[in-house]
Amino acid sequence: MRQRPAAFPVGLYGTLLLALCWLTLPTAFAPLERFALGATCLVPRLLGEWAGRPAAAAEPEAWRLAQLGAELAARLQRQDVEGARALLPGQFEPWFCAVREVAGDGPHRGGGGHPAALRLAVDHAAVAGCAPFVTKGDALVGFLVPPGTGAAADDAPTDPARVHLLHHRAAAPVAATLPLDGGDQLRLVVRAAATVDPAPLRADLWDDPYLAARLERGGHVVRTLALDDESPVPGGLRLGRTRIWGYGGAPGEATLAIGVFVVPPIEPRALSYVVLWRDRRRAGAAAEDPPPPVPARRLAAVVRDLPGAVHGRHLLVAGAAVPDGAAVVQDGIFLGTARGLAFGMGLVTSFAASRHRWSLLLLPDDDAVRPRELDGEVVSAEGAEACVRWHRRASGGEDERLPPGQLFTGSNGPHCPAGLWIGSVEPHPQDRSLLLVRTLALAGPRAAEVLVAGGTP
């Protein structure tokens with residue numbers, strides 16, 4: 001009996017092709033995905049209307065968190081400004097400025113593979129009267145990028161100001177000095193390292209290459225060197241500590257250094273605030289206070305439970321478009337970040353349920369202990385309690401144990417600003433790199449707000 005040939009499975013192969021396009025071109029299919037998820041969430045949204053009245057935050061608790069946020073900002077400003085004030089001429093006036101976001105993709109991936117660009121919470125026009133250098137404490141962070149040049153070639157004066165960190169490939173080299181134990185001093189140039197190098201910055205152009213090659217250990221503090229009175233960078237600002245890269249000699253012999261790198265004192269992903277310096281001698285800067293950043297718009301919303309909400313994901317009903325990464329808050333309490341869907345809805349992921357890297361701020365309970373800017377991610381969670389692993393700076397702090405205190409958000413994108421209270425924190429009893437965070441238990445319908453950055457996202 002003659003057999004008929006099997007039909008070509010057009011439907012199967014078409015489905016596989018559509019799935020492949022969906023995976024390889026996520027941006028192109030994002031609107032369709034938002035619409036599909038939004039349509040799916042319409043049923044729990046309608047059912048949620050019968051789930052009870054949304055709960056509001058307690059007034060005394062909101063007042064206490066506002067006080068803690070103000071204390072955090074004041075203590076951070078004091079320690080970030082005072083370090084460099086004594087090193088700068090008297091005509092410079094500090095401006096404590098919030099970071100809008102940290103960029104580390106494509107051309108903004110700098111030395112050592114670290115993010116190397118910042119967008120500030122103020123625009124180019126506001127910083128027109130500022131000096132080109134940017135500091136934090138007694139450390140030099142980077143340089144402002146004027147509009148119309150480099151990465152800001154297409155920026156308008158009303159766009160967020162840009163900062164290139166020192167390890168950005170477009171950042172200018174900096175003259176520096178390295179004091180040695182015996183009283184000698186080496187002069188050098190510090191510039192951005194390659195993305196594959198073991199540190200963000202590289203030491204180069206030594207005034208005594210032979211002595212530099214005889215460096216046997218790292219850890220030397222490198223500071224800026226002002227070549228003359230018109231130097232664009234003041235002298236004495238800290239650049240970081242040296243890291244030796246070379247061949248180890250036989251016992252009793254010196255190490256042959258084939259490369260000296262410099263590790264900045266600040267982790268780029270942890271930056272939430274920097275300090276700009278306005279030069280009173282420059283035109284237009286006299287007697288003018290810096291303009292405040294544009295406040296975020298607040299969309300009224302309701303957070304409702306979803307099936308499986310015990311795992312930290314909830315339905316957000318805002319009635320307007322919700323941008324991805326927007327902070328969802330309730331009177332200063334950080335409930336989580338949103339992923340926008342269709343029909344004015346979104347999905348909220350709590351801090352405890354997140355698994356991406358965060359910029360965080362730690363306010364110690366002890367007033368004598370300085371606040372910390374941290375970079376970390378949640379590694380485990382049980383209910384509203386999260387275990388956070390924070391990344392120590394490679395320039396030191398390997399044995400540092402963080403104090404108990406209050407944890408706040410750092411700058412995590414244009415729609416998630418710094419200063420939102422996450423929870424109370426305690427150091428892990430066994431592992432110094434872990435923090436135990438007790439967050440707010442998010443259950444039931446809650447009245448909330450979605451933060452949306454002003455200006456261009």
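**Close-up views of a predicted model**

**View 1. Asp197 and its surroundings.** The side chain of Asp197 reaches over to the backbone nitrogen of Ala194, at 2.9 Å. You'll find Asp197 in the loop that runs between strands β7 (185-192) and β8 (201-204). Bear in mind that everything shown here comes from a predicted model. Which residues does Asp197 touch, not counting those up to four places away in sequence? They are Gly112, Arg202 and Phe261. Asp197 is buried, yet it has no salt bridge. The nearest side chain of opposite charge belongs to Arg202, 4.0 Å away.

**View 2. Two Phe rings meet.** The structure has four aromatic pairs. In one of them, the ring centres of Phe92 and Phe133 are 5.7 Å apart and the ring planes sit at 65°, so we call this pair edge-to-face. (Planes over 60 degrees apart get that name.) Phe92 belongs to strand β1 (residues 92-103) and Phe133 to strand β3 (residues 133-136), so the pair ties together parts that are 41 residues apart in sequence.

**View 3. Inside the largest nonpolar core.** In soluble globular proteins, nonpolar side chains tend to be buried together. Here, the largest nonpolar core has 56 residues. Leu140, Trp206, Leu316, Val328 and Val450 have the most contacts inside it. Zoom in on Leu140 and, leaving aside neighbours within four places in sequence, you'll see it in contact with several residues, including Phe133, Val134, Leu166, Val174 and Leu237.

**View 4. Gly332 in its loop.** Where does Gly332 sit? Its place is in the loop between β15 (327-330) and β16 (333-340). Gly332 has a relative accessible area of 29%, so it counts as partly exposed. Setting aside neighbours within four places in sequence, Gly332 is in contact with Leu420 and Trp421. Now look for Ala448: Gly332 and Ala448 are 116 residues apart in sequence, and their C-alpha atoms are 9.9 Å apart in space.

Terms used:
Residues numbered from 1 in each chain as written. Predicted model: local features only at pLDDT ≥ 70, side-chain atom pairs only at ≥ 80, totals over all residues. Heavy atoms only, no water. Phe/Tyr/Trp six-rings, centres within 6.5 Å; stacked < 30°, edge-to-face > 60°. Helix = DSSP H or I, 4+ residues; strand = E, 2+ residues; numbered from the N terminus. Buried < 20%, exposed > 50% of the residue type's maximum accessible area, 1.4 Å probe, protein only. Contact = heavy atoms within 4.5 Å. Lys, Arg positive; Asp, Glu negative; His and termini not counted. Polar contact = N/O pair within 3.5 Å; in protein donor to acceptor, adjacent residues only side chain to side chain. Core = buried A, V, L, I, M, F, W, Y, C linked by side-chain atoms within 4.5 Å.
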